[in-house]
Amino acid sequence: MFQSFFDVMISHGRWKLIPAGLGTTLLIAFCAILIGSILGCIFALFKLSEKKSLRAIAEIYTTIIRGIPMATQLMIFYFVVFSPLGMSNALLVAIIAFGINSGAYCTEIFRAGILGVDRGQMEAGRSLGLSWSQTLVKIILPQAFKTMLPTYTSEFITLIKETSVASFIAVVDLQKTCDNIRNATYNAWIPLLSCAIIYLCLTVGLTKFFAFCEKRMSKSDRSK
């Protein structure tokens with residue numbers, strides 16, 4: 001077993017490809033969650049708006065994006081939307097596609113978090129002379145963030161795993177890197193098992209890290 005691993009991953013330096021692929025995976029995930037957070041905040045406010053047109057726009061967005069598989073969305077963005085426009089940068093397309101997809105899920109996370117804050121908080125803020133936006137930023141969102149943090153971190157971890165389909169448009173992420181090693185060595189189980197272990201360590205590590213952060217925040221709140 002060790003000899004097989006050495007022949008496939010070590011002897012020709014193929015293991016050096018793994019950090020680059022992992023870096024691409026993390027880059028897509030971090031950029032996508034940033035885009036998704038911005039879109040999620042905007043469309044969550046649309047959904048909570050009193051204007052029917054804004055609520056309709058947000059509803060259409062979340063329904064379409066959440067109803068189509070990520071792999072299908074990715075290929076639509078690449079082959080149907082951006083390729084005709086002359087954009088051939090697969091990595092950039094992947095970031096945009098995953099960001100838009102994440103935005104639909106963040107919309108519901110943020111909406112639920114905001115609704116979880118007592119309505120009296122908005123009235124209290126307004127009675128203190130704050131504007132609607134000031135009350136939202138200074139009073140509502142900080143409380144909502146604590147409520148939605150577990151779900152939000154779960155979305156980020158799920159997003160990291162979903163980036164494995166970026167290889168469908170030839171992005172050389174972690175999955176694609178291991179697949180290239182498999183094609184070069186005609187050995188399937190060592191590259192794929194290595195890929196699975198890295199994803200597992202990444203997701204378990206992040207899960208424990210975010211759980212630790214949540215506990216620290218809970219202790220901080222109780223000590224006040």
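**Figure 1. Helix α6 crosses helix α7.** In this predicted model, the crossing that α6 makes as it passes α7 is right-handed. The two helices pack with their axes 9 Å apart, at an angle of about 140°. Angles over 145 degrees count as roughly antiparallel. The angle of α6 and α7 is about 140°, and the pair is therefore oblique. Helix α6 covers residues 120–127. On the α6 side, the residues that meet α7 are Gln121, Met122, Gly125 and Arg126. Their partners in α7 are Trp132, Thr135, Ile139, Ile140 and Gln143. By class, this contact holds 4 nonpolar, 4 polar and 1 charged residues.

**Figure 2. Helix α5 packs against helix α7.** The axes of α5 and α7 cross at roughly 150° and come within 9 Å of each other. This angle makes the two helices roughly antiparallel. Their crossing is right-handed. From α5, the residues in this contact include Phe98, Tyr105, Ile109 and Phe110. From α7, they include Ile140, Leu141, Met148, Tyr152 and Leu159. The contact as a whole has 12 nonpolar, 4 polar and 2 charged residues.

**Figure 3. The largest nonpolar core.** This core has 39 residues. Those that touch the most other members are Leu74, Ala94, Phe98 and Ile169. Two or more residues each come from α2 (17–47), α3 (52–67), α4 (70–82), α5 (90–115), α7 (132–162) and α9 (189–223). The largest share is that of α5, with 11 residues. In soluble globular proteins, nonpolar side chains tend to be buried together.

**Figure 4. Surroundings of Leu74.** Which residues is Leu74 in contact with, leaving aside its neighbours within four places in sequence? They are Ala94, Ala97, Phe98, Val165, Ala166 and Ile169.

**Figure 5. The whole chain, for orientation.** The protein has 9 helices and 0 strands. Its C-alpha trace spans about 70 × 50 × 20 Å along the principal axes. Of its 224 residues, 39% count as buried. Among contacts between residues at least 6 apart in sequence, 75% join residues at least 24 apart.

How values were computed: Residues are numbered from 1 along each chain as its sequence is written. This is a predicted model: local features need pLDDT of at least 70, side-chain atom pairs count only at pLDDT 80 or more; totals for chains, interfaces and linings use all residues. Side-chain values use heavy atoms; hydrogens and water are left out. A nonpolar core is a set of buried Ala, Val, Leu, Ile, Met, Phe, Trp, Tyr and Cys residues joined through side-chain atoms within 4.5 Å. Buried means under 20% relative accessible area, exposed over 50%, partly exposed in between (1.4 Å probe, protein chains only). Helices (H or I, at least four residues) and strands (E, at least two) are DSSP runs, numbered from the N terminus. Contact means heavy atoms within 4.5 Å. Axes are lines fitted to C-alpha atoms, for helices over the stretch in contact, and angles run from 0 to 180 degrees between N-to-C directions. Angles under 35 degrees count as roughly parallel, over 145 as roughly antiparallel, 65 to 115 as roughly perpendicular and the rest as oblique. A crossing is left-handed if the near helix is turned anticlockwise from the far one by less than a right angle, and right-handed if clockwise. Ala, Val, Leu, Ile, Met, Phe, Trp, Tyr, Cys and Pro count as nonpolar, Asp, Glu, Lys and Arg as charged, and the others, Gly among them, as polar.
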